[in-house]
Amino acid sequence: FTYGSDESVYPFGLDPMWHVASNELLFFNSFKMKLSVIFGIFQMFAGTCLKGLNAIYFGEKLDFFFEFIPMIAFATSLFVYMIYLIFLKWAINWNSRMLSATCIDPYGGDWESEGYDGEWVICDGNGDGTCTPWGYSCTGYDTTEEKCPLNYGGSGDGCQPPNLITTLINIALAPGEVDEPMYKGQAQVQNLLLLIAFASVPILLLVKPYLLSKQHDNHQHHDEDGGEEEEEHGFGEILIHQAIETIEFVLGMVSNTASYLRLWALSLAHSELATVFWEKAMLSTLNLNFLATFIGYGIFAGVTLGVLLMMDVLECFLHALRLHWVEFQNKFFAADGVRFTPYSFKQIIDENSAAST
């Protein structure tokens, strides 16, 4: 395949050329961090969906409509949207967008290069003689917002790749302001998502306890022995329990997402250890002699087996088990079912003997 063509791009995985690039560590850090967040949000979202399935199975309408639905709305409006932004940033051809806001000599060698996806238009030349690929006359004092043809707003106007962490923080801290948008109307969409997230919290906190208190009131009218003090105590317990669950879910979505970054740390440590072992044990002995290479390979094989394939794999297993048990299962597992009782012949015989006597 021709170098640089679409046919030579790897359909899956990373190009091995990244391992010899000058920005290898920076690229892999960013990629692995985003990938760990994607895995984490997908798994936590699946756990929340299991909570909804449990509510349907047990016929708990209040849990489904006033716990599961607000949880899904909160998680989707902020965290699933974050995954959407990650994939959108990966899918956009930023070389073309940045080139569209670049001043180029229309009679130079860079004009009509392959990096721009649109149609090349020569400007009227009223400025300093340079043009953007879409036909804007540059003066030398133009901002990116003026040179970008997308008109998405912000200082980048859609022609500069954003910092996703800053974008996500500004959703809550600076509503309606997107400095480097990726699509038209991004600020309005994020305001709507923020409103949905804020509205879902009081629904999750208050509606279910209120409806349960109404049910208690209805039972109170039909139960002459039911005391008012006992009813208030029951409603207070329900409200406290619901408040704890709301706080755990809202804050847990943030902390649990950060907890999945341990996957990034483990992957980074694994790859760096493998690189160090390969360079120190193998590459340093390949140019010496056969005996040195043989000894170096033995050391490399030994540390790879002992450290990477045994100790490091065990560490990854324990961390994955912890993520599955805490971050995933706390979205639906309540430990309020039937207590497990192991099968016992002795217990059955004792119960039959007590019944017969």
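The crossing of α1 and α8 is right-handed, where right-handed means that the near helix is turned clockwise from the far one by less than a right angle, and left-handed that it is turned anticlockwise. This is a predicted model, in which local features need pLDDT of at least 70 and side-chain atom pairs count only at pLDDT 80 or more, while totals for chains, interfaces and linings use all residues. Residues are numbered from 1 along each chain as its sequence is written, and side-chain values use heavy atoms, with hydrogens and water left out.

Helices here are DSSP runs of H or I with at least four residues, numbered from the N terminus. Among the residues making the contact are M33 of α1 and W264 of α8, contact meaning heavy atoms within 4.5 Å.

Now the second pair: α1 (residues 24-57) and α2 (residues 61-91) pack at about 160 degrees with their axes 10 Å apart, which makes α1 roughly antiparallel to α2, a label for angles over 145 degrees. Here α1 passes α2 in a left-handed crossing.

Finally, the largest nonpolar core has 30 residues, of which I41, F74, M182, F249 and M253 touch the most other members; such a core is a set of buried Ala, Val, Leu, Ile, Met, Phe, Trp, Tyr and Cys residues joined through side-chain atoms within 4.5 Å, buried being under 20% relative accessible area with a 1.4 Å probe, protein chains only. Its largest share, ten residues, comes from α2.

Definitions and conventions
Axes are lines fitted to C-alpha atoms, for helices over the stretch in contact, and angles run from 0 to 180 degrees between N-to-C directions. Helices (H or I, at least four residues) and strands (E, at least two) are DSSP runs, numbered from the N terminus. Angles under 35 degrees count as roughly parallel, over 145 as roughly antiparallel, 65 to 115 as roughly perpendicular and the rest as oblique. Buried means under 20% relative accessible area, exposed over 50%, partly exposed in between (1.4 Å probe, protein chains only).
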